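Here is a short note on this two-chain model. Please read the points alongside the coordinates.

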Amino acid sequence: MALSNVLEPAVSGFNFENSTRNIVLENGSEEGKIKAPKPMKTGTTIAGVVYKDGVVLGADTRATSEEVVADKMCAKIHYIAPNIYCCGAGTAADTEKTTDMLSSNLTIFSMNSGRNPRVVMAVNILQDMLFRYRGMIGAHLILGGVDCTGSHLYTVGPYGSMDKVPYLAMGSGKLPALGILEDRFKGNMDLEEAKALVSDAIHAGIMSDLGSGNNIDLCVITKEGVDYIRPHRESLYNYKRQAKYKYKPGTTPVLTKTVNQLELVHETVQMMETAGSS
Amino acid sequence: MISARAYGDNGKMKEYHYTGPVEHKFSPYAFNGGTVLAVAGEDFALVASDTRLSEGYSIHSRDSPKCYKLTDTTVIGCSGFHGDCLTLTKIIEARLKMYKHSNNKSMTSGAIAAMLSTILYGKRFFPYYVYNIIGGLDEEGRGAVYSFDPVGSYQRDTYKAGGSASAMLQPLLDNQIGFKNMENVEQLPLTLEKAVQLVKDVFISAAERDVYTGDALKICIITKEGIREEIVPLRKD
């Protein structure tokens, strides 16, 4: 089956061939009802703020698969370019792949033109792609960066909508985070104030929203460079277990044991032309 | 946000046609989360629950314990739909009072379990959306745990977990209390101290991975001296 993917190039765009089959499987007989596997969502709180010298982005680190925490330390602030970072909420796979693709495109542009990409370029490429897929790609993104025209903060929605604002929050915990941002945001803050504001906004999201939790990551982007602080604030809840749950060898029964001695039969050395080999 | 369905192939908006009455479903149930756990020992029983009440991705309350004291020797833990939990416990308490007035004695754990089974099956075709676990001392003073499904099927167990994190806790209890899947292990009887420590550790783990479990843990310890409560903080995020 894998061979067919090599011989014929994959058709681009989404393939809806299996949708009728899926409907039949899900609505089948009562006993045979099969549930479609649910993709992992990030159930997140992400926020961003423009301050005097640049942009501060923040995110929590919990990824949930419905009610179970799938990852306690996932990275939601993705690298796009040396001067542009992106926070992603929504379906985890979609945010990862979209930001990876955007990053590759911008790297190619940088190499072609010899310039650092501008934040508007990243936003336009994202908008194009997400609109073309009609909202099927569940990526809610906050883009922040500093380029030759200044510091910018944008949000791009899954249907391709875009908004340029000085402060933002997205994800399932956006309402509590936005409450903190609306209360304390002012223009031209200095660095420590901006970091404290974003950190408190994410903390509000973590406490009030069940889909967000664990640690807080921050990313400070300025003209001089990027400071990726992971984690900025660790979770306060490190309850230690009272007992040790270790098993002595022999607890799991050994049913059979076969030992295969591997013999060294023949040794060959092949030189490869790789750059950097001495 | 513009819906693609409103536009036709030529780019103009489609004409609006009334498609007929649309059925909107109202669900009489909600899922309020929460995990309950009960363990029976030689001369004690434990009923533990977390205290978080949630709905969807929001928290309604951080201090809503799910264990309810019924008599001096019995505690019930109810998780699921909070509205049905409250009504069911009201009904059980009323029936306990009626029994006490008619028979001049308190109901025993086994009797409460049998009565609860009939109360639940009485609503077989519009069930109480509650997962119940009763923990207490039986007539001989030994620990007893009775676990129920929403329509009244029950059995007596040594230990049982119910609620949202039950699938995570039950295998751990099977291993540590039931000594399942282990060999060459000394099978010591469960002491009260070890049981309490196990319950605390197990809830810390559940709060790490289940979003509906957290905030605080309330343990009701039932011995012949009476019922004692312990409250332990859990993750609040």
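1. In chain A, the end C-alpha atoms of residues 240-269 are 52 Å apart, and the span has 0% helix and 0% strand. Helices (H or I, at least four residues) and strands (E, at least two) are DSSP runs numbered from the N terminus. UniProt, in an unreviewed entry, lists residues 240-269 of chain A as "domain: Proteasome beta subunit C-terminal". Such annotations may be inferred rather than shown by experiment.

2. Ground rules. This is a predicted model, where local features need pLDDT of at least 70, side-chain atom pairs count only at pLDDT 80 or more, and totals for chains, interfaces and linings use all residues. Residues are numbered from 1 along each chain as its sequence is written, chains are lettered from A and ligands numbered from 1 in the order written, and side-chain values use heavy atoms, without hydrogens and water.

3. The interface. Contact (heavy atoms within 4.5 Å) joins 33 residues of chain A to 34 residues of chain B. The buried area (accessible area, 1.4 Å probe, lost on being put together, summed over both parts) is about 3,000 Å², with 53% from carbon and sulfur atoms. Glu67(A), Leu210(A) and Tyr239(A) supply 24% of what chain A buries against chain B, more than any other three residues.

4. Charged pairs. The rule finds two salt bridges between chain A and chain B, taking a side-chain nitrogen of Lys or Arg within 4 Å of a carboxyl oxygen of Asp or Glu. One of them pairs Lys72(A) with Glu208(B), at 2.6 Å, N to O.

Terms used
Buried area is the accessible area (1.4 Å probe) that two parts lose on being put together, summed over both.
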